[in-house]
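Keep the sequence open next to the structure and find each residue as it comes up.

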Amino acid sequence: VSPLKYQSRCLACFPDKTGFALGSIEGRCAIQHVQPKDQNNNFAFKCHRENNDVYAVNSISFHPVYGTFATAGADGTFNFWDKDSKQRLKQFAKCPDPIPTSSFNRDGSIYAYAMSYDWSKGHEFYNPATSKNIIFLHAVQEVEIKGRARGKKQERGSTAQ
């Protein structure tokens, strides 16, 4: 049974195989652990929202080294998160179109994401003349993706948002 109320859109397993992250059309992400002893660490959070607009979480990808993760959404943004400290590590600039899929490479040094129409608004909003399909490669910096110690507050002057 899904811990989220609305339709699931994406799923990714933790690199250590102890749980998974689930994204939905309601702009929420759930962190779920497999073992009953870890169930008290389960939680869900809101993401990919702008004012009163709610966008689907289209993609979740875990970093292979640090175990932190990225979400990408129908709002055209992607974010890096730390599930252990329950914090957003970095929010990136908004793309003009949705991001339907994304992934880290094998060593986590590159984050690839695609920008294209994701059909979340239906066929009537698709315009092949203006819709672009572009693949981007982001060179991942350790400061953007490395998790923080639990309870540690963001330092002033830090670039993470």
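1. **The overall make-up.** Let's start with the inventory: the chain has 1 helix and 13 strands. Reading from the N terminus, the pattern is β-β-β-β-β-β-β-β-β-β-β-β-β-α. Keep in mind that this is a predicted model.

2. **How the chain fills space.** The radius of gyration is 16 Å, close to the 15 Å that the globule rule gives for 161 residues, so the chain is as compact as a globular protein of that length. Along the principal axes, its C-alpha atoms fill a box of roughly 50 × 40 × 30 Å. Of the 161 residues, 45% count as buried. Now look at the contacts between residues at least 6 apart in sequence: 42% of them join residues at least 24 apart.

3. **The S2–S3 hairpin.** Strand S2 (residues 19–24) runs antiparallel to S3, and 5 bridges join the two. To see how they line up, find Gly 19: His 33 in S3 stands opposite. The two strands form a hairpin with 3 residues between them. Click on Gly 27 in that turn, and you'll find a positive phi of about 70°.

4. **Is S3 enclosed or open?** Why can we call strand S3 (residues 28–33) largely enclosed by the rest of the structure? Count the buried residues: 5 of its 6 are buried, so the rest of the structure largely encloses the strand.

5. **A closer look at Ala 30.** This residue is found in strand S3. Ala 30 has a relative accessible area of 0%; buried means under 20%, so Ala 30 counts as buried. What does Ala 30 touch, leaving out residues up to four places away in sequence? The list is Pro 3, Leu 4, Phe 20, Ala 21, Leu 22, Phe 43 and Ala 44. For a sense of distance, pick Ser 131, which is 101 residues from Ala 30 along the chain: their C-alpha atoms are separated by 31 Å.

6. **Another open sheet.** Here 4 strands are ordered S7-S8-S9-S10, again with antiparallel pairing. The edge strands are S7 (57–62) and S10 (87–91), each pairing on one side only. From one strand to the next, the twist averages 25°. Inside this sheet, strand S9 (residues 78–82) and S10 run antiparallel and are joined by 4 bridges. The bridge partner of Phe 80 is Lys 90 in S10.

7. **Aromatic rings.** How many aromatic pairs does a search of the whole structure find? It finds 18. Take Phe 45 and Phe 69: their ring centres are 6.4 Å apart and their planes are at 50°, so this pair is tilted. Phe 45 lies in strand S4 and Phe 69 in strand S8 (residues 69–73), so the pair ties together parts that are 24 residues apart in sequence. Both Phe 45 and Phe 69 are buried. Elsewhere on the list, ring pairs link Phe 78, Phe 80, Phe 92, Phe 104, Tyr 111, Tyr 113 and Phe 136 into a cluster.

8. **Lysines over rings.** Lys 86 lies over the face of Phe 43, at 4.7 Å from the ring centre. Lys 90 lies over the face of Phe 92, at 5.6 Å from the ring centre.

Definitions and conventions: Residues are numbered from 1 along each chain as its sequence is written. This is a predicted model: local features need pLDDT of at least 70, side-chain atom pairs count only at pLDDT 80 or more; totals for chains, interfaces and linings use all residues. Side-chain values use heavy atoms; hydrogens and water are left out. Buried means under 20% relative accessible area, exposed over 50%, partly exposed in between (1.4 Å probe, protein chains only). Two strands pair if DSSP finds at least two bridges between them. Axes are lines fitted to C-alpha atoms, for helices over the stretch in contact, and angles run from 0 to 180 degrees between N-to-C directions. Rings of Phe, Tyr and Trp (its six-membered ring) pair if their centres lie within 6.5 Å; planes under 30 degrees apart count as stacked, over 60 as edge-to-face and the rest as tilted. A charge sits over a ring if NZ of Lys or CZ of Arg is within 6 Å of the ring centre and within 35 degrees of the ring normal. The radius of gyration is taken over C-alpha atoms; the globule rule is 2.2 Å times the number of residues to the power 0.38. Contact means heavy atoms within 4.5 Å.
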